[in-house]
Amino acid sequence: MIPEIGHFALIVALFLACCLGVLPIIGAARDNAVLMGAARPLAYGQFVFLSIAFVCLTYAFVANDFSVLYVAQHSNSQLPAIYKVSAVWGGHEGSLLLWSFLLAGWILAVALFSRHLPGEMVARVLGVMGLVSVGFLLFMLLTSNPFERLLPAAADGRDLNPLLQDPGLVIHPPMLYMGYVGFSVAFAFAIAALLGGRMDATWARWSRPWTTVAWVFMTGGIAIGSWWAYYELGWGGWWFWDPVENASFMPWLIGTALIHSLAVTEKRGAFKSWTVLLAIAAFSLSLMGTFLVRSGVLTSVHSFAADPKRGIFILSFLVVVIGASLLLFAWRAPKIGLGGKFDLLSREALLLSNNVLLSVAAASVFIGTLYPLFMDALGQGKLSVGPPYFEAVFVPLMVPMVLMMGLGPLARWKKFSAPELAKRIRWAFASAVLIALLLPLTMGEWSAMVALGLLLAFWIIASTMLSLRERLAGRGSFMQRARGQPLSYYGMQSAHLGVAIFIIGVTLVNGYETERDVRMEVGDTLREGGYEFRFNGATEIEGPNYMAAKGHMTVSKKGKLVTELYPEKRQYNASGMPMTEAAIDTGWLGDLYVSLGEPIPDSNGAWAVRVYIKPFVDWIWAGCLLMALGGVLAISDRRYRLHRKAGAVKRGAQDKIGMGNILATEGKQS
Amino acid sequence: MKPRQKKFVFIAVAVAALALVVGLVLNALENNVSLYFTPTQVFNNEAPHGRSFRIGGLVQEGSVKREADGLTVNFVITDKHKSIPVVFKGILPDLFTEGKGVVAQGRVEADGVMRADEVLAKHDENYMAPEAADALKKAETANAAAATPASAPAAPAAK
């Protein structure tokens, strides 16, 4: 009964979404207040019914209802309770439900927090999001219904993929999806601006915080995914340039370009068309990412053939969304105009260059990810594009980007003088060069790549210091001036420092990591990087839904005990799948990483063992955390709350004077 | 600079940058694409010599043998018609099992043995790497076309 209620709730939600996608947009076009006013109640209703559907599916998992096909495929009565809940999004159908549920949540949030916006803007934004929701709900109901019954019911479920039975995977997909879905808000704002034919600084200020929130979620989601891959896959890698990872990385790159482009549109009124285009691209890539990953198209073109209904729906949905928004863009963009003028040497020009570099980087990832797919579809044979491709393309693109990233916050808007800027930055740059040349000598072997990475990182740090000094030095007490800076300024610097920390992590782990695969007898000792790893054998243990061999390794340095590590090799009961659980000793300066390979036959308890030393690897995720924190600081900025109140008052007159006011009030910050 | 000159400089810089990027991408693609081959294709000498490529198929039952060092593994990849021996030194992925799908990347030496740098087995018991499934299917159809019974692995491939 419960699954049928869920199914019915989905159908009602689809009906409400259809109304939401049509009525308010017609209302906005005809200036009909009643139709526009329907947007909010419809948004609330849709959220209520999707919540019901989501709760029903979760209930089916928790109650072990194996008469539901999706539950039987992705759960098992032995599965620990927390993983029963996360198993809801462990497969294709449930992920789609999560996506739609989160989308309804974002729509609800926009409906609740948009009281200060003009009515027709709200109507259009909610309407566009409603249309997106229609697409997803139709897809779910027509091709991938999570509530489909299995008759007769299975005695027990097939269990959740052991790889997904992990705390990291409990939060990674919802966070990433919050990011994917969040870009639909930026997209809806862009489409609403195109429909209304009006786009000014106030528009940018409205859509900016939403975009930043989505970006924060996405940054967090990708970081957690990478961290999970590091400790769960047992290979010690943190990024594999796997199609599934690339699918989330592309919208992130474009999203990063978008939040910077929005900043320029808000503060200078420039880059208007470009901003709209980025918003469309970010959401299109999010859509593509969700569909391609979950439908399995990326692993093989043949999954299209295996389920042609899904494949055709996905393709047509993508074509409709991307095609319609690009057509609309081509038709209406001339009306929006390009916006303010700026010099070749200006902060705008630096931001534009970085925007282009980020977009090109995303395009190169796109090519590398989809090239094999196209070749296969064209019958040109199977091939794969390996990580070296991405590294060869990425490094040359990121070097100029990071150099300009340091300059950006220091350069003036509109026009700067190159000699003057050079004079300001010379000491910061010189110190970065010096550190980059000398620091590798203390770490071990000097190498050009390590020096280059450190140069980029320390250049960001030095230029951030310089910017802080210029802002905080001067009259008044230090604390007063520090408090006088807007939060969004600190947000930007925190995110940029995050990039620096990230680069340090990547550079040092790539430059100085050591990996050893060895055969170890009980009592054997391996010397590596100043540590002694002693293998004390492995014992059989029993987990809640698996059996495992648990190894015991003592690590010491110069005779002193450092830590004891317990890597496991598990065999899950229901699926019979083996799993490697690595044991990691985490530290500020690096990780010690041990995982069990396989037992060596005809030996006295010997195992093949992986021993890795990963210097500074955790800085990679710490950097991502700082970037996300920067985003949080930026949206907490006071001016979003202040201008909200002000915006409600001057709504009518903002067209002409709005721009001037903003430049006047925000000129101080830049 | 006059606005027209400025525009010209801007366009010139953009075109140069674009050319640079396109060159970069093409060059990187050229050097880092690895092609897939089936054991039958490798047997027929269709795979490149002295260049790394990927081979997909099943791990032949009873073919996995470990050397005394515990790390060097010998096994045979088969598409049920032709088989290629592989040597790999290192730790195999969790899902590497006899009779299951596998993809190996490496070079085939003059002795016809592949020295693999990488062995991949995907993350699901039921799931077979598409390359492995493809190899089996190709070998199947090739043999059916030659009207030889599919149950005779020794039958010559139709080529």
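How many residues of chain A are in contact with how many residues of chain B? In this predicted model, 36 residues of chain A are in contact with 29 residues of chain B, two residues being in contact if their C-beta atoms, placed from the backbone, lie within 7 Å. Residues are numbered from 1 along each chain as its sequence is written, while chains are lettered from A and ligands numbered from 1 in the order in which they are written. Because the model is predicted, local features need pLDDT of at least 70 and side-chain atom pairs count only at pLDDT 80 or more, whereas totals for chains, interfaces and linings use all residues.

The side of chain A that touches chain B receives two or more residues from each of several elements, among them helix H14 (347-377), strand E1 (383-385), H15 and strand E2 (514-520) of chain A. Helices (H or I, at least four residues) and strands (E, at least two) are DSSP runs, numbered from the N terminus. H15(A) supplies the largest share of that side, 5 residues. By class, the side of chain A that touches chain B comprises 19 nonpolar, 12 polar and 5 charged residues; Ala, Val, Leu, Ile, Met, Phe, Trp, Tyr, Cys and Pro count as nonpolar, Asp, Glu, Lys and Arg as charged, and the others, Gly among them, as polar.

Helix H15 (residues 387-407) of chain A packs against helix H1 (residues 3-32) of chain B, with axes that come within 8 Å and cross at roughly 160 degrees. Axes are lines fitted to C-alpha atoms, for helices over the stretch in contact, and angles run from 0 to 180 degrees between N-to-C directions. H15(A) and H1(B) are therefore roughly antiparallel (angles under 35 degrees count as roughly parallel, over 145 as roughly antiparallel, 65 to 115 as roughly perpendicular and the rest as oblique). Their crossing is right-handed; a crossing is left-handed if the near helix is turned anticlockwise from the far one by less than a right angle, and right-handed if clockwise. On the H15(A) side, A:Pro388, A:Tyr389, A:Ala392, A:Val393 and A:Pro396 take part, meeting B:Leu24, B:Val25, B:Ala28, B:Leu29 and B:Asn32 in H1(B). This contact has 9 nonpolar residues, 1 polar residue and no charged residues.

The chains are also joined by strands: E1(A) and strand E1 (residues 33-37) of chain B pair in the antiparallel sense over 3 bridges, where two strands pair if DSSP finds at least two bridges between them. A:Val385 stands opposite B:Val33 in E1(B).

Within chain A, an open sheet of 4 strands has the order E2-E11-E10-E9, with antiparallel pairing. Its edge strands, each pairing on one side only, are E2 and strand E9 (583-587) of chain A. E2(A) and E11(A) run antiparallel and are joined by 7 bridges, and A:Glu515 stands opposite A:Tyr612 in E11(A).

A further helix pair in chain A consists of helix H17 (residues 448-472) and helix H19 (residues 487-512), whose axes come within 9 Å and cross at roughly 160 degrees. H17(A) is thus roughly antiparallel to H19(A), and the crossing of H17(A) and H19(A) is left-handed. The residues of this contact divide into 14 nonpolar, 7 polar and no charged.

A:Tyr566 lies in the loop between strand E6 (560-565) and strand E7 (568-572) of chain A. Leaving aside neighbours within four places in sequence, A:Tyr566 is in contact with A:Lys550, A:Gly551, A:His552 and A:Ala583.
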